[in-house]
Amino acid sequence: MIIQLDSTISTPDKEAIISRIRSLEYKTTEVQTQRSAYIVAIGKRDFDIRQLGQLSGIADIHRVSDDYKLVSRKWKIGRTSVNLGDGVYIGDGSLAIMAGPCSIENEEQVQKTIDHLVKNGVRIMRGGVFKPRSSPYAFRGLGIDGLKMWHTLARKAGIKIISEVMQVSQIAEMHDYVDVFQVGARNTQNFNLLDELGKVDKAVMIKRGISGTIEELLYSAEYVFAAGNEKLILCERGIRTYERASRNTLDVNAIPILKEKTHLPVVADPSHGIGIREFVEPVALAAVMAGADGIIYETHQEPEKAASDGQQTLDFEESSRLIRRLQQASILLHEF
Ligand code: PEP
Ligand code: MN
């Protein structure tokens, strides 16, 4: 059960509500986000919710049968749209496009990517400065200095930044230089990281774990929401299956399933989802047709020379074509 509180509720009124709920053998968790105050109540006993409705300070009460509560679509009217400022949204009904290199490498690469995005009307740039690499000897990113350099160039061009945060200690140093914190597939269930991201007033995109279920992804988002941050986006980025012909298997099924289960925006990452450059476009289009709110993919001026993930990275010509096709697909879908 989710009890939405009036924004002006007094402490005694709140305490009265909590003690009444506890007297019904429900466990309570108080949640205060940027948008609202809630009490999440977990329990089994059936009772008439009108008993609570009479208490003052309650804006709304919702019964939610799912085990995850705040991210469930069952209680919320409408969908969550994450506002990144300056007219940039994820989940507002338009298709959000986020593109950029796997890793931020140098100033020239960043500027060329920004110019490419601006030319194509893309407002959000992706890029890693802290890179999770399977091998400790691979390029691990430019770190915070790379992010600051990128931020300076991106701000001049009106471009928003999404970048991966790998550990709690990086949140504070990255905070002023990113618009969206990305939680990588290897960190989907790093609950300490999720808790801490719940304390910041900044959007968070959580990628699905490499072997994670849809439900586990929803619980990860529930952690961030319950800790106070409802500016959340989910990302299907491919899961590990028995198939070895592709790097991962983009689970297109997850897109409509997630959209049915949660009010949060759902985006897809076809680059990591298939891992093969020439097939990024068809898979991206499939994700749009399945209802994705956005696409995040990798592009580089010279993919062959990219510091990481070159094999799945589009050059700027391919990227321009993909952007056009994504926009066409999105229009087509709305005409259905
Ligand atoms: C990335 O986006 O470059 C990345 C490392 O993604 P994932 O966490 O999905 O592997
Ligand atoms: Mn990558």
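Student: At what angle do helix α3 and helix α11 pack, and how far apart are their axes?

Tutor: In this predicted model, α3 (residues 107–119) and α11 (residues 316–335) pack at about 30°, with axes 11 Å apart. Axes are lines fitted to C-alpha atoms, for helices over the stretch in contact, and angles run from 0 to 180 degrees between N-to-C directions.

Student: Why is α3 called roughly parallel to α11?

Tutor: Angles under 35 degrees count as roughly parallel, over 145 as roughly antiparallel, 65 to 115 as roughly perpendicular and the rest as oblique. The angle is about 30°, and that makes α3 roughly parallel to α11.

Student: Which residues of α3 and α11 meet?

Tutor: K112, T113 and H116 of α3 meet F316, S319, S320 and I323 of α11, where contact means heavy atoms within 4.5 Å. By class there are 2 nonpolar, 4 polar and 1 charged residues. Ala, Val, Leu, Ile, Met, Phe, Trp, Tyr, Cys and Pro count as nonpolar, Asp, Glu, Lys and Arg as charged, and the others, Gly among them, as polar.

Student: What makes α10 roughly parallel to α11?

Tutor: Helix α10 (residues 280–289) packs on α11 at about 25°, with axes 9 Å apart; α10 is therefore roughly parallel to α11. Their contact divides into 10 nonpolar, 1 polar and 3 charged residues.

Student: Why are α7 and α8 oblique to each other?

Tutor: Helix α7 (residues 214–226) and helix α8 (residues 254–261) pack at about 45°, with axes 11 Å apart. The two are therefore oblique. In their contact, I214, L217 and L218 of α7 meet A254, I257, L258 and K261 of α8, giving 6 nonpolar, no polar and 1 charged residues.

Student: What makes a residue part of the lining of a pocket?

Tutor: A lining residue has an atom within 4 Å of a pocket point; on a 1 Å grid over the protein atoms alone, a pocket is an open set with protein on both sides within 12 Å along at least five of seven lines, whereas a cavity is a set of points where a 1.4 Å probe fits but cannot get out. The largest pocket is lined by 24 residues, with P132, R186, R247, H272 and D309 nearest its centre. Its lining divides into 5 nonpolar, 9 polar and 10 charged.

Student: How are residues numbered, and which count?

Tutor: Residues are numbered from 1 along each chain as its sequence is written. Local features need pLDDT of at least 70, and side-chain atom pairs count only at pLDDT 80 or more, while totals for chains, interfaces and linings use all residues.

Technical notes
Chains lettered and ligands numbered in written order. Heavy atoms only, no water. Helix = DSSP H or I, 4+ residues; strand = E, 2+ residues; numbered from the N terminus.
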